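The sequence and model come first.

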Amino acid sequence: MSEMIDARGLSCPQPVLMFMEASKKTDKDEIVVWVDTDASKENVSRAAESKGWEVKNIQENNLEYQITLTRN
Amino acid sequence: MFKNFFATRWGIVATGAVIGMLAAILQKLGNPGNMGICVACFERDISGALGLHRAGVVQYMRPEVMGFVIGSLIAAYVFKEFRPRGGSAPIVRFVLGIFAMIGALVFLGCPWRAMLRLGGGDLNAVVGLLGLVGGIWIGTIFFKNGYNLGRSQKAETSAGWILPLIMTGFLALPLIFPQVTGEAKSGVLFYSLKGPGAMHAPLFISLIIGIGIGFIAQRSRFCTMGAFRDLMLFKQTHLFSGVAALIVASFITNLILGQFHPGFAKQPVSHTMHIWNFAGMVLAGLAFALAGGCPGRQLFLSGEGDGDAAIFVMGMIVGAAFAHNFSLASSPKGVGPHGIAAVIIGLVVCVFIGATIRKKQ
């Protein structure tokens, strides 16, 4: 099972902060971040990559994005 | 999938460089000294043009601001990023907008102008930028302790159009009531006969440059507050490389155009009261951080349908009215009679907001 973060409707820098916090706490190797703006999608992906995570998949659905991140 | 070039490192650097260069050129074409583009000053001038304050030297319907919103709206539609939304603590954002403007007007410039002032050789800007960083740093402490204005909700398309439509209306006013030489009023609009408000590039050039900047800034998410916030909060240099490019590009362009004059004293539209240059920007930086974007970014977000950013913009326009009606704004002579009190009250209000608002996820 992966860790799920719902960051929809939250503005900068909340989605990135939530990912950062979860990546430190969780022992799971997969985090899915749910966002609803392109800026958040880019910010979370960029932050994850800089912290040694890989963007495995970005699923778009109804103007929302589910970003699947895996620990390298 | 279309890769957004502007979301890359080179994209944000290009955006900052274009803004820095065009700002210096706008100054050459008539905009005030080291004020090629200043979002706070220009919203203050708009407030004056509408008669919300009656400071005679700062009244002009600045087309750059409308261009920012319209350019962002166009980019958002072209790239399918228009997302009408709102409802995340609107009154808090309105108040943050008011105090962001008051802080900026005590320093005499928003973060954009602080950087452009530096690029023009005004060393008082260093003090202001240190204050900006200080204010954003206080903001990051609140973020680490759970400060959060809560989620926005999806809204109807027309709700996202409200600020772009207001800006379109503002743009129509100077076309209906153009400036009459030697007259301080034309129809419903006020104009400055002297001072910074009387200095402006031709309307259509200002508008087209504004639209162009709005377009690329929407794509790149350019933000002068986020630049320092991300550096302090996440050690990320992405947005920072954009503001660094802005400073370098404005410096080089000013040098070429003969507009670079280093020093502290007698810089255009500035004062040398270091403590209040610093403190004004601490207040502005904190308010921008708590609201999630610099004044430019708030305009670009408004263009892509963010009603909360639109409320912040309206807060800044109203804040400018308070700043001049209550003599809070500084002038080249120094701080206004009640500017110091306003900065202190603003800091208390922002600390109250930052320390007490925590939404559970």
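## Aromatic rings

In total, 16 aromatic pairs occur over all chains of this predicted model. Rings of Phe, Tyr and Trp (its six-membered ring) count as a pair if their centres lie within 6.5 Å; planes under 30 degrees apart are called stacked, over 60 edge-to-face and the rest tilted. Two of the pairs are listed here.

| Pair | Centre to centre | Angle between planes | Type |
|---|---|---|---|
| Phe68(B) and Phe300(B) | 5.3 Å | 50 degrees | tilted |
| Trp112(B) and Phe222(B) | 5.5 Å | 85 degrees | edge-to-face |

Phe68(B) belongs to helix H3 (residues 63–78) of chain B and Phe300(B) to helix H12 (residues 295–303) of chain B, so their pair ties together parts that are 232 residues apart in sequence. Helices are DSSP runs (H or I, at least four residues), numbered from the N terminus. Phe68(B) has 1% relative accessibility and counts as buried; Phe300(B), at 0%, is also buried. Buried means under 20% relative accessible area (1.4 Å probe, protein chains only).

Trp112(B) and Phe222(B) are both buried as well. Ring pairs join Phe68(B), Trp112(B), Phe222(B) and Phe300(B) into a cluster.

Charges also sit over rings. The charged end of Arg8(A) is 3.7 Å from the ring centre of Trp34(A) and sits over that ring. Arg62(B) lies over the face of Phe42(B), 4.5 Å from the ring centre. The criterion is NZ of Lys or CZ of Arg within 6 Å of the ring centre and within 35 degrees of the ring normal.

Residues are numbered from 1 along each chain as its sequence is written, and chains are lettered from A and ligands numbered from 1 in the order in which they are written. In this predicted model, local features need pLDDT of at least 70, side-chain atom pairs count only at pLDDT 80 or more, and totals for chains, interfaces and linings use all residues, while side-chain values use heavy atoms, with hydrogens and water left out.

Notes: Helix = DSSP H or I, 4+ residues; strand = E, 2+ residues; numbered from the N terminus. Buried < 20%, exposed > 50% of the residue type's maximum accessible area, 1.4 Å probe, protein only.
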